[in-house]
Amino acid sequence: MTDARSRSRVLSGIQPTGELHMGNYFGAVENWVRLMDEFECFYSIVDYHAITAGYNPATFPAAVEGMAVSLLAAGLDPGKCSLFLQSEVPEHTELCWILTSLAPLGQLYRMTQFKDKSGDQGEAINAGLLMYPVLQAADILLYKADRVPVGEDQVQHLELSRTLARRFNNAFGDTFPEPQPLLTEAKRILGLDGQTKMSKSKGNHIGILDDPDTIRTKMGTAFTDPQRLRRTDPGRPWVCNVFTWHKLLSDEATIERVDVECRSAVLGCFEDKMMMADILIERFRPMRERAAELRARPETIREILAAGADAARRVARETMEEVREAMGLWQTKRGPVTA
Ligand code: TYM
C-alpha cells in the first residue's frame, strides 16, 4: 500500500437536505468537528447520492448550499478539514464503477436502507438506489480513510465498504485499509414522534438552525410517556424520548431532578418539553449566529467548497493512479507500445 500520510484519514458524507437536524448533529457531525484536530479529515456533501431519490433540480443548489452553511455553522473549520461537493470530484464515480465489478449483488439487495427506500416499487426501482452503498464505499476508499464517523444506520453500508476493500486487495494487491465506523453515544436519535429515527423526510426533526419559536412549537408536539395521560399521573422517564435527550444535553443535577420530579408527577410533560426547548435553543444559539454571518457572505461558502474540492481531487487522483496500475489498466502515457 503506497502511503505517505502522516496522520490517519477520516472521511464522512452527508446528503444535501438543506439543513442539519439534531440526529445528524449528535449522531455524526459533532464527531466530525472533534476529529478535525487529530486527523486529516475529508467531509463531503454527497449530491450524487441524493439524486437516487426524487429531487427537485430547481431547489437542489439551494439545498446543497444550505447544508454547507449548516456544517460550517456546526463547527467545521475549513482551515482544519476539507469540505467539498462529491460531484466536483469525478473520481468518486470512476472508482464506484470499478467497485461495482466486485460488489456482491446479494449483499446489496439485503441492505436495510435499500429495502426501506425501495418499498413496494419492485423492479421499477432505479438501479442507483441499489448501487448507493457502492458509491459510498468509493467515497471512503478513494481517500483510504481508516475511520468513518457516522450514525448507526450507516454501519451496514460500512460493512460493504470493508468487503469491497478486502475483495480489491485480494484481487489486485494491498491497496485499501478497511474502514471502521466511529459512533457517538447518540448513534440513533429518535424523532419527535418518539418512535422512528429522526429524519427530515419524516418531518419528525428539529433543525439545528431552527429559530426559537419553531423549536418551542415543535417541542410542544414531542411524544413523551404514552401511558401518562393526566398531569397528575406519575411519569416513566425510562420510556420517554425527551428524557433520553436530557441524558445527552443536560448536566447531572438536571437529569437527576427531571428523573425524580417526573416519577413523582411534580414535573409535567409539557413543562419538561419547554425546558428541553430552552436547552436546545441555547445549545444551538452560536450555530444560528454563525449561520447568519455565513449567509451574508455567500462567496465565502463558494471559496471554501472550491478549495475543499481541490484538496480532495489531489488525493483522489493519486489513489486512482494507483488503482489503475494495480488493476493492469493500460495507461497510454506509460503502458506498453505494441506497434
Ligand atoms: P445521511 O445524509 O442520511 O446522514 C448523515 C449522517 O447523520 C447520521 N444520522 C443520524 N445519526 C443518529 N440519529 C439519527 N436520527 C440520524 N440521522 C442521520 C447518519 O448516520 C450519517 O452519519 N449514506 C450516507 C451519506 C454518505 C456517507 C458516505 C457517509 C455518503 N457517502 C461516506 C459516510 C461515508 C447518508 O445518507 O447519511
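Q: What counts as a cavity, and what as a lining residue?
A: A cavity is a set of points, on a 1 Å grid over the protein atoms alone, where a 1.4 Å probe fits but cannot get out, and lining residues have an atom within 4 Å of a point. This is a predicted model, in which local features need pLDDT of at least 70 and side-chain atom pairs pLDDT 80 or more, while totals for chains, interfaces and linings use all residues. Residues are numbered from 1 along each chain as its sequence is written, and side-chain values use heavy atoms, without hydrogens or water.

Q: Which residues lie nearest the centre of the largest cavity?
A: Of its 13 lining residues, those nearest the centre are Arg 228, Cys 240, Cys 262, Cys 269 and Asp 272, and α11 (252-263) and α12 (269-295) each supply at least two residues of the lining.

Q: And what lines the second largest cavity?
A: Its lining consists of Met 111, Gln 113, Phe 114, Lys 117, Leu 129, Tyr 132, Pro 133 and His 157, with α6 (112-118) and α7 (127-141) each giving two or more residues.

Q: Switching to His 92: buried or exposed?
A: His 92, found in helix α4 (residues 91-100), is buried (under 20% relative accessible area, 1.4 Å probe), at a value of 0%.

Notes. On a 1 Å grid over the protein atoms alone, a cavity is a set of points where a 1.4 Å probe fits but cannot get out, and a pocket is an open set with protein on both sides within 12 Å along at least five of seven lines; lining residues have an atom within 4 Å of a point. Helices (H or I, at least four residues) and strands (E, at least two) are DSSP runs, numbered from the N terminus. Buried means under 20% relative accessible area, exposed over 50%, partly exposed in between (1.4 Å probe, protein chains only).
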